[in-house]
Amino acid sequence: MTNSNQSDQHALNTGKTTDMKVGFACSLCAMIILLIDLSIPLGIAGGVLYIVIVLCSLKSPEKRFTIMIAAMCTLFVGIGYIGSPPAPENVPAYQVMANRFLAIFVIWITAILALIQRDKTNELHQERLKNLQSAKEAEIQREKLNVLKATMRTVQDITGNFLNGMQLIKLEIDKNKTLSEETVNKLDELIQDTSQRINKLGNLEEIREKRMAGGAIGIDYEQKAEDE
């Protein structure tokens, strides 16, 4: 839980740092474009340069940040209209106004389309992550199922050996018509051996597969003894 909180706090701090850097860069570039716009006469579509600032603002994860930058650029276009040198006499007033409206239109169209595209990209990314997570979970389930099958085959092998041993003891009892001390000892050894095998299988700390009789895949429950 502590690691999760630290990760969230780190991500939050990183996001704030990124926003500050992007905000500073966008503000600085906007001021430079405004100074350029104020130095050239009206009639030149210098305000269109603000779309560069809008595109740079997309580095921030906050959608409202891009909206704020677009609003700031719109304000700067107005300031540029007021503070720029007069247009040459051969440039009609409607062209000056058209250039300013064109700049504002391009700024907001760029902001809206860029935000829509970023949202779609994020949705595709999230969908890809979900698909990868689903594929990973499916792979884990397949691995668990394979381990379960191998374990069941191993248990069947152990119990099969036990039943075969019991069958031999039964045949020996039927033959001798009595339960000798030697037979009892064999029975004890068989029970102890089977119990030890099952305990080894249940106490494994690492799963290693092995090929059993008939080509079936089982669990190598003797690995601990061999490693020692």
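Let me start with Asp119, which is partly exposed at a relative accessible area of 28%, where partly exposed lies between buried, under 20% relative accessible area, and exposed, over 50%, with a 1.4 Å probe and protein chains only. Before I go on, please keep in mind that this is a predicted model, in which local features need pLDDT of at least 70 and side-chain atom pairs count only at pLDDT 80 or more, while totals for chains, interfaces and linings use all residues. Residues are numbered from 1 along each chain as its sequence is written, and side-chain values use heavy atoms, with hydrogens and water left out.

Asp119 forms a salt bridge with Lys63, with the closest N and O atoms 2.9 Å apart, a salt bridge being a side-chain nitrogen of Lys or Arg within 4 Å of a carboxyl oxygen of Asp or Glu. Because Asp119 lies in helix 4 and Lys63 in helix 3 (residues 63-83), this pair ties together parts that are 56 residues apart in sequence; helices here are DSSP runs of H or I, at least four residues, numbered from the N terminus. Lys63 is also partly exposed, at 41%.

Turning to a second pair, Asp37 forms a salt bridge with Arg100, with 2.8 Å between the closest N and O atoms, and it links distant parts of the chain, since Asp37 sits in helix 1 (residues 2-39) and Arg100 in helix 4 (residues 93-176), 63 residues apart. Asp37 is buried at a relative accessible area of 1%, and Arg100 counts as buried at 7%.

Finally, Glu182 and Lys186 meet in a salt bridge at 3.9 Å, N to O, and are four residues apart in helix 5 (residues 181-202), about one helical turn. By this rule the count comes to seven salt bridges.

Key: Helices (H or I, at least four residues) and strands (E, at least two) are DSSP runs, numbered from the N terminus.
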